[in-house]
Amino acid sequence: MRALLCTLLVLGLLWDSVRAQNTISSLRAAAVALEGELPCTKWDCECVFKRQRGCCCASHELQVIEDQIFLRVMDLSTGVSQLGKSILEVIGGIRVAFTAYLSHRTNCFGPFTRNNPIPYDVVSLNHGSGFNPALGTFTAPRSGLYSFSYSVYSKMSIAGDRMYYKVQLMRNGEVVTSTWEDNREDSEDSSSQTVLLSLQQGGQVYVELLRGRKLCGNVEGLNTFSGSLVYPS
């Protein structure tokens, strides 16, 4: 039964092929026998019956349009390539970004007798190698506008203990912004800051804890420091 069905299918395909060929032959004979002017100019019978390109009446116009589109695409491609090169020239091909956080610790960080940079010792990103976890300091590898963010978290182990901290963002030894807390009502507190800073190459930014203050109950990933180059100058 399966063989019979396959045979019928093959015969059907052959019949369709023969019928299509007869149709093409009839069109060719009609075109050759046609007397007088063709209904459209620039008709290419060689194209129609041998190369099968389709609407040969407009083949020349279509070819012109195709060439114009190709040239425009090539111009756009060249423009995009030049734009990419210009961007690389501006930014120097340097990616500058970092993210670091204070590792988990059971004891408090602080208090100290002097202001102390926070040692963000776990570094998850450091493109451009600008951040030094040993010092907790970012050094700008090139001049430009930078974005910096830091978050502060502290939790007291005993209710009623004094929550007492002040953290400030420093640029080249000068205070840019700060966040603080001083009360006995909250046993847990967090805050954050984000700033845009202009830096010269070699400029330094870090976050420090003021003397006499402390951060307690640190949970890994909640005391963070991050930054990135917005654009060079």
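Trainee: So in what order do the strands of the open sheet come, and is the pairing parallel or antiparallel?
Mentor: Bearing in mind that this is a predicted model, the open sheet is formed by 5 strands in the order β3-β1-β11-β6-β9, and their pairing is antiparallel.
Trainee: Which strands stand at the edges?
Mentor: Those are β3, residues 122-127, and β9, residues 188-199; each has a single partner strand, so one side of each is left without a neighbour in the sheet.
Trainee: Let's move to β6 then. How many bridges join it to β11?
Mentor: There are 8 bridges between β6, which covers residues 144-155, and β11, which covers residues 224-232, and the two strands run antiparallel. Within this pairing G144 has P232 as its bridge partner in β11, while S147 is partnered by S228 of that strand.
Trainee: What about β9, how many bridges join β6 to that one?
Mentor: Here 12 bridges join β6 to β9, again with the strands running antiparallel, and S151 stands opposite S192 of β9.
Trainee: Changing topic, is β6 mostly covered or mostly open?
Mentor: Strand β6 is mostly covered, since 10 of its 12 residues are buried.

Conventions. Residues are numbered from 1 along each chain as its sequence is written. This is a predicted model: local features need pLDDT of at least 70, side-chain atom pairs count only at pLDDT 80 or more; totals for chains, interfaces and linings use all residues. Side-chain values use heavy atoms; hydrogens and water are left out. Two strands pair if DSSP finds at least two bridges between them. Helices (H or I, at least four residues) and strands (E, at least two) are DSSP runs, numbered from the N terminus. Buried means under 20% relative accessible area, exposed over 50%, partly exposed in between (1.4 Å probe, protein chains only).
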